[in-house]
Amino acid sequence: MRTWPLVGGPLFRLGLFLLEMTWSSEIGAEARIGGGLYMPHPFGIVIGNGCVVRENVTVLQNVTLGRRDPSRGDVPTVSNGAMIGAGAVVLGSVAIGVDARIAANALVLDDVPDGGLAIGNPATIRG
């Protein structure tokens, strides 16, 4: 929809505004979201500008993906099939691997390998 001539950009921004007003969630206009994003409880989710979310990712309620330092452009990249649990926070230039899992309320500041598990605050990486 973003690429439609003349009306694509405004319609996209209107959709983001309605998302914010309806579910108190925010997805930055510069975020790159792949197909199959699954948000079964889309409340309080923040996906910052520049974040990359690949295909078939599950994001539960109250998740934050964003910058660790607002003055820098470092943002997370979430790979295919990853699952991010409720209340998790992923900050900075972090790579979440294919089919990785982030536990509920985890604070992820380091990369999570393919098939790995991040648990705790700050998160320890297992697997």
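Student: In which helix does L11 lie?

Tutor: Happy to start there. This is a predicted model, where local features need pLDDT of at least 70, side-chain atom pairs count only at pLDDT 80 or more, and totals for chains, interfaces and linings use all residues. Residues are numbered from 1 along each chain as its sequence is written, and side-chain values use heavy atoms, leaving out hydrogens and water. Helices are DSSP runs of H or I with at least four residues, numbered from the N terminus, and L11 lies in helix α1.

Student: How far apart are the end C-alpha atoms of α1?

Tutor: Helix α1 covers residues 8-23, which is 16 residues. The expected span is 1.5 Å times one less than the number of residues. That gives 22 Å, and the end C-alpha atoms agree, being apart by 22 Å.

Student: Which residues of α1 are buried, and what arc do they cover?

Tutor: Buried means under 20% relative accessible area, exposed over 50%, and partly exposed in between (1.4 Å probe, protein chains only). G8, F12, L16 and L19 are the buried residues of α1. They sit on the same side of α1, because the arc, taken from the directions from the helix axis to the C-beta atoms, is only 75°.

Student: Which residue forms a salt bridge with D74?

Tutor: A salt bridge needs a side-chain nitrogen of Lys or Arg within 4 Å of a carboxyl oxygen of Asp or Glu. The structure holds 1 salt bridge. D74 is partly exposed at 26% relative accessible area, and with the closest N and O atoms 2.4 Å apart, its partner is R72.

How values were computed. Helices (H or I, at least four residues) and strands (E, at least two) are DSSP runs, numbered from the N terminus.
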